Amino acid sequence: MKNNQKTPGKQHTILRLIRTLFSFYPVMMPVVIICILFSAVVSSIPSIFMQNVIAAVEKSWQSGDWASVSGEILGLVGLLVIFYVLSLLAATAYTQMMAFITQGSLAKLREKMFNGMQNLPIKYFDTHNHGDIMSYYTNDIDTLRQMVSQSFPQLLISSVTVLTVFGIMVYYSLWMTLVVLAGVVCMFLVTKKVGGGSARYFIRQQQALGKTEGYVEEMMNGQKVVKVFCHEEEAKKGFDAINDSLFHDAEQANRYANILMPVLNNIGNVLYVVVAIAGGLLMLGNVPNVSISGLAIGISIVVPFLNMTKQFSGNVSQVSNQINAVVMGIAGTQRIFDLIDQEPEKDEGYVTLVNARENAKGELEECTERTNVWAWKHPHGDGTVTYTRLTGDVRMFDVDFAYVEGKTVLHDVTLYAKPGQKVAFVGSTGAGKTTITNLINRFYDIADGKIRYDGININKIKKADLRRSLGVVLQDTNLFTGTVMDNIRYGRLDACDEECIAAAKLAGAHDFITRLPLGYDTPLSGNGASLSQGQRQLLAIARAAVADPPVMILDEATSSIDTRTEAIVQRGMDALMTGRTVFVIAHRLSTVKNSDAIMVLDHGRIIERGTHDELLALKGTYYQLYTGALELD
C-alpha cells in the first residue's frame with residue numbers, strides 16, 4: 001500500500017485533497033476562493049465604517065455642523081450597501097459553484113475508487129471485509145462531502161475574517177489588541193486540549209463504522225445459516241459488541257465536541273466584557289494609544305473594538321467548531337486515498353490473444369473478424385512476431401505456492417493437460433484443488449516452478465488475454481442485476497441472442513428459462529434470489545458456454561444441482577467439454593470417472609495420478625474414496 005505511513009499525516013492528506021480538487025476543477029476552484037475571500041473581507045469592514053461614523057458624530061457634536069455629518073454618514077452607508085450587495089453576489093456565486101464542485105469531485109473520486117478496485121488482485125478481496133470496502137463508498141465519502149462543502153469554505157471565511165479583523169485592530173489600538181489576543185490564546189489552548197481528544201475518537205469512530213458495516217453485511221449474507229443453526233442470539237451478541245465499540249467511540253468524540261463550543265462561546269462573552277472594561281480604563285486613565293492610525297483611545301475606538309471582539313472570538317469559535325468535521329473528513333479521506341493507492345494487479349505480460357486464420361502457405365496470421373481460431377501473438381526482442389495456435393496445452397513444472405509467506409500450500413506440483421484432455425482433481429478440503437486452478441488463471445502467482453500454456457510461460461501472457469482463453473464455473477454463483485439473457489451474455493458481450501439461447505440449451509438451462517414469466521427477458525436482482533441454487537448454477541454454466549473458451553475450469557460446477565438435474569447437465573457438460581482442455585474439481589467422484597487423468601491431492605501434494613480404472617487398481621486413497629472406505633471432508 002502506498003502512502004500508508006503515519007507521517008506526514010493529516011497535513012499531507014489535506015494538501016493532497018486540495019491538489020485533487022484543483023486538478024478536477026482548475027478554473028472554478030480559484031474563482032471560488034476569490035469569491036470567498038471577497039465575501040470574508042467585506043464582512044469585516046463594518047467596524048471601519050462604524051469607527052468613521054462615530055468619529056464623524058463626535059466631530060459634529062463638538063462643531064454643531066449636522067448637515068455635513070448627515071451627508072458623510074449617508075455616503076458611508078451607501079458605500080457599505082454597495083459592498084454588501086457585491087458580497088451577496090460573491091456568496092451566491094461561490095455557494096452554487098461549491099455545490100457543483102463537491103458533488104462533481106465525489107463522483108470523480110468514486111469513479112477513481114471503483115476503476116482502481118477493478119484492477120486490484122483477488123488477494124485484496126480475499127483479505128478485506130466486503131462491508132468495510134462498501135463503507136468507503138458511503139460513510140467515508142459522506143464525511144468528505146461535509147468537509148468539502150461546509151468545513152473548508154467556513155474555515156477559509158473564518159480564517160480570513162480573523163486575519164482581517166486582527167489587522168484592523170492593530171491599526172486602531174495595539175493595547176486593546178493585546179487584550180483580545182490574551183483571550184484568543186485561552187481559546188486556542190482549550191481547543192487544543194478538547195479538540196485533540198475529539199479528533200482521536202472521531203478517527204476511531206470512522207474505523208469502527210467500517211467494521212460495523214462489515215459485520216452487518218456478513219450477517220445478511222449468512223442469514224439462512226444463522227437461522228438454520230439457531231445462531232440469532234450469538235449474532236446479536238456479536239453485533240452488540242461491535243456496536244457498543246462504535247457507540248463508545250462516537251459518544252466520546254461527540255462529548256468532546258459538545259463541550260468545546262459552549263466553553264468557547266463563554267470565553268468569548270467574558271472576553272467581550274474584559275475588552276469593554278479595558279477600553280473604559282484606558283479612556284479614564286488617558287493612556288496614550290499605540291496604533292498605526294494615530295488616533296487617541298475614545299468612544300470611536302472602543303465601540304468598534306467591542307464589535308470586532310465579538311466578530312473575532314466568534315470566528316475563532318467557528319474555526320474550532322469545524323475542526324471536528326475536518327478531523328472526520330480527514331479520516332474518511334485517508335481511507336479513500338488508501339483504497340485509491342492500493343497496488344494494482346501487476347501484469348508484465350506482453351503475449352496477447354488474437355483472432356487468427358491460415359494463409360495460403362498454411363501459416364497463421366492475425367485478422368479482425370471472429371474465426372473461432374485463436375493464436376498467441378508473441379513479439380520478440382529482435383522485432384519479429386510469431387503466432388502460436390491456442391490449443392489448450394497446460395503444463396505445470398515443480399510448482400510451489402503459499403498464500404502467506406512461510407506457509408506453503410502446494411509442494412512440487414507437476415502435471416500436464418494435453419489439448420482436449422479432461423483432468424480432474426480430487427481430495428479433501430484444503431488439499432489444494434482450487435489453488436491449482438487459481439494459479440492457472442493467475443489470480444495468484446506461483447512462488448517457484450513454471451506453468452506453460454501452449455509452450456509459453458504464463459507470466460509472459462497478459463492476464464486479460466490469459467483469462468479470456470479460460471472459462472470458469474465456480475461453486476459460488478454470482479448473478480447480476482439485469483435479465484436472464486444479460487447474465488448469459490456476460491460471458492461474451494458481443495454474443496447474439498441465438499448464441500446465448502444455444503449456450504443455455506447446451507447447459508440444460510433452456511427448459512426452466514422458458515417457464516419463467518418473461519423467459520429470457522425475466523429480470524433478475526439480488527444475485528438471482530428468485531431462482532433456485534441449481535437454476536443459478538445452470539445459468540453460470542451457460543455463461544461459460546457462450547464464451548466458448550478452449551480451456552474450461554469447473555470448480556464443483558454441479559455441487560448445487562440435484563441428481564436428476566445433474567444427469568441433464570452432465571450431458572450438456574460433456575458436449576461443452578468436447579474438444580476442450582478441462583480441469584474439473586469435484587467431490588462427486590461419479591462425475592470424474594471419464595476423466596483422462598485424475599489427480600489425488602493431499603496437503604498440497606499429488607499423491608496419486610491416473611485414470612479411474614488405474615487408480616482403482618492401485619487400491620490406494622482414490623480407491624478408498626470411491627468405495628466409501630475414506631470420506632471426503
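Predicted model: local features only at pLDDT ≥ 70, side-chain atom pairs only at ≥ 80, totals over all residues.
Okay, so let's start with helix α1: its buried residues are Thr 13, Arg 16, Leu 17, Thr 20, Leu 21 and Phe 24.

What about the face of α1 turned away from its buried side? There you'll find the exposed residues Gln 11, Arg 19 and Ser 23. And we can check the helix's length too. Helix α1 runs over residues 10-24, and at 1.5 Å a residue its 15 residues should span 21 Å. The end C-alpha atoms are 21 Å apart, which agrees.

Next, a pair of helices. Helix α6, residues 130-172, packs with helix α10, residues 299-340, at an angle of about 155°, and their axes are 5 Å apart. Anything over 145 counts as roughly antiparallel, so that's what α6 is to α10. Their crossing is left-handed. Who's in the contact between α6 and α10? What we get is 24 nonpolar residues, 16 polar and three charged.

Last stop: backbone angles. Most residues other than glycine have a negative phi. Now look at Asp 412, in strand β6, residues 407-417. Its phi is near 50°, a positive value in a residue other than glycine. Asp 548 isn't a glycine, and has a positive phi of about 55°. Where does Asp 548 lie? In the loop between α16 (533-547) and β13 (551-555). With a relative accessible area of 31%, Asp 548 is partly exposed.

Notes. Residues numbered from 1 in each chain as written. Heavy atoms only, no water. Axes fitted to C-alpha atoms, helices over the stretch in contact; angles between N-to-C directions. Helix = DSSP H or I, 4+ residues; strand = E, 2+ residues; numbered from the N terminus. Parallel < 35°, antiparallel > 145°, perpendicular 65-115°, else oblique. Left-handed = near helix turned anticlockwise from the far one by under 90°. Nonpolar A, V, L, I, M, F, W, Y, C, P; charged D, E, K, R; others polar. Expected span 1.5 Å × (residues − 1). Buried < 20%, exposed > 50% of the residue type's maximum accessible area, 1.4 Å probe, protein only.
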